[in-house]
Amino acid sequence: MYIVVQKARNRIIRKLTEIPFVQAKSELVYQKALKKHLVNLPVLSTSDRTLVETIKRDGIAITSLSALGIPSNPRFFQVAKKLMSEIPKSISSEKNEFVVHATSQQIMEHPEIFLWGVEQRLLNIVENYLGLPVAYQGVFFRRDIANEVAIQSRLWHVDLEDKKVLKIIVYLNDVNDDGGPFQYIPQSLTSTVVRSLKYRPRYITEEIMQQALSPSHWKSCTGISGTVIFAGTAGIFHRGKIPLADDRFAVFFDYTSRQPRQPFYSTLTLPKENLRSLVKNLSEAQKNCVFWQQHDKI
Ligand SMILES: [Fe+2]
C-alpha cells in the first residue's frame, strides 16, 4: 500500500516538474546548490579526477576492481562470488520475470557487499560527479536470466529519479555481447535522440530506438568478472541487453543527491534497523549518505 502511495505521489510530482515554469525554478535552485557546494567537494587523486571527467563527458567510465585498488576489493569480491552461488534461478515464466535479486536477509548475511558501496573513496568520486552531497540509495545484487523477456530495464530509458544519478555496476561473471551487457548511448547522442523522439519518461523499444539512431552507435559495456562501470544514468539512454547465452550476475550500487527530483524515491530495500546495524562502525560522513533524509537522522 505504501509503495502504491509513493508511486502515485511521484507521478504527480513528475507531472508538476514538466511544467516549464517549475522546471526553470528548479533549475535555478539546482544551480545555486551546485555553486554553494563547490568549495566542499572532496579532493580527488589524479586518476579519480580523470574518472569523474570521463563520466561527465561520456556518461560512462569503465574500469576494474584491480585498477581501482580499494583495500576492501578482494574481500568484497570473494563474498560477492560466494553469494552468487546462492541466488537461485527461481523466476515465474507466467509473470514475465527476468531478474532474481538477493534477498534482504542474504544482503545482511554478506555485509561486505552493502558496505563496499559506502567506501569513502567511492563516495568522493560520486560526490564530485553529482556536485552535491550523496544519498546512497542502496545495493541490488542481480541475477539477470537468459530468457526472452523484453520489458522494463531491458528497454531503453533515461533514469529520472534525480537530475544526476550514478550507478556503479560490478560484473561478477565475464560478460560478452551475448551475456547481457549494460548498454548505453553516449551522452552527446542521447541529447539528439531525446530531441528527435520528443522523449518523455517512458521505455523505448529496440525498434523505435533503431529508427532514431543506428545500432552502430549503441555501446555495450562488455568485460570480464571484476569489471566496474560508472554510469550517469540520468544523462544517457541505457538498458540491460537481453542475455542470450548465460545468466548475468552483477551488483548495482545506486546514488543520487539528497534532494532527488522524486523526493519519495527510495530504493533502499533494507529495513531501518538492519541499516543501523550495518553502518554502526562507519564514519559520520558515511552514515549521512545512508541516512540522508532529515527524518532518518541518527
Ligand atoms: Fe535505469
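Select strand β4 (residues 166-171) together with strand β7 (residues 227-232): the two pair in the antiparallel sense over five bridges. Strands (E, at least two residues) and helices (H or I, at least four residues) are DSSP runs, numbered from the N terminus, and two strands pair if DSSP finds at least two bridges between them. In this pairing, leucine 166 stands opposite glycine 232 of β7. The model is a predicted one, in which local features need pLDDT of at least 70 and side-chain atom pairs count only at pLDDT 80 or more, while totals for chains, interfaces and linings use all residues. Residues are numbered from 1 along each chain as its sequence is written, and side-chain values use heavy atoms, with hydrogens and water left out.

Display the side chains of β4 next. Leu166, Ile168 and Val170 point one way, and Lys167, Ile169 and Tyr171 point the other way. Are these residues buried or exposed? All of them are buried, a term that means under 20% relative accessible area, with exposed meaning over 50% and partly exposed the range in between (1.4 Å probe, protein chains only).

**The iron site**

Select the iron ion. Which residues are its protein donors? They are His157 (NE2), Asp159 (OD) and His238 (NE2), lying 2.2 Å from the ion. Donors are N, O and S atoms within 2.8 Å of the metal (3.2 Å for Na, K and Ca); water is not among the atoms, so sites may look incomplete. In the sequence panel, the spacing of the donor residues reads H-x1-D-x78-H. Histidine 157 and aspartate 159 are both buried.

**Arginine 239**

Select strand β8 (residues 238-240), where arginine 239 lies. Arginine 239 counts as buried because its relative accessible area is 7%. The side chain of arginine 239 makes a polar contact of 2.8 Å with that of glutamine 183, and another of 2.8 Å with that of glutamate 206. A polar contact is a pair of N or O atoms within 3.5 Å; within protein, one must be able to donate a hydrogen and the other to accept it, and residues adjacent in sequence count only if both atoms are side-chain atoms. Beyond neighbours within four places in sequence, arginine 239 has contacts (heavy atoms within 4.5 Å) that include Ser153, Trp156, Pro181 and Trp218.

Move to helix α8 (residues 120-130), in which nine of eleven residues are buried. Among them are Leu122, Leu123, Ile125, Val126 and Tyr129. Glycine 131 follows α8 and has a positive phi, near 80 degrees.

Then select Phe114, Phe141, Phe230 and Phe253, which touch the most other members of the largest nonpolar core, a set of 50 residues. The largest share of this core, six residues, comes from α8. A nonpolar core is a set of buried Ala, Val, Leu, Ile, Met, Phe, Trp, Tyr and Cys residues joined through side-chain atoms within 4.5 Å. Apart from this core lies another, of 13 residues, including Tyr171, Tyr184, Cys221 and Ala231.

Centre the view on phenylalanine 141. Leaving aside neighbours within four places in sequence, its contacts include Ala80, Val100, Ile113, Leu172 and Val251.

**Cysteines**

Select cysteine 221, which is buried because its relative accessible area is 1%. Cysteine 289 is also buried, because its relative accessibility is 5%. How many disulfides are there? The count comes to zero, a disulfide being a pair of cysteine sulfur atoms within 2.5 Å.

**Glutamate 86**

Finally, select the loop between α5 (73-84) and β2 (99-101), the place of glutamate 86. Why does glutamate 86 count as partly exposed? It does so because its relative accessibility is 31%. Its side chain and that of lysine 82 are joined by a polar contact of 3.2 Å. Not counting residues up to four places away in sequence, glutamate 86 touches Gln106 and His110.

**The whole chain**

Zoom out to view the chain, which comes to twelve helices and nine strands. Of its 298 residues, 49% are buried.
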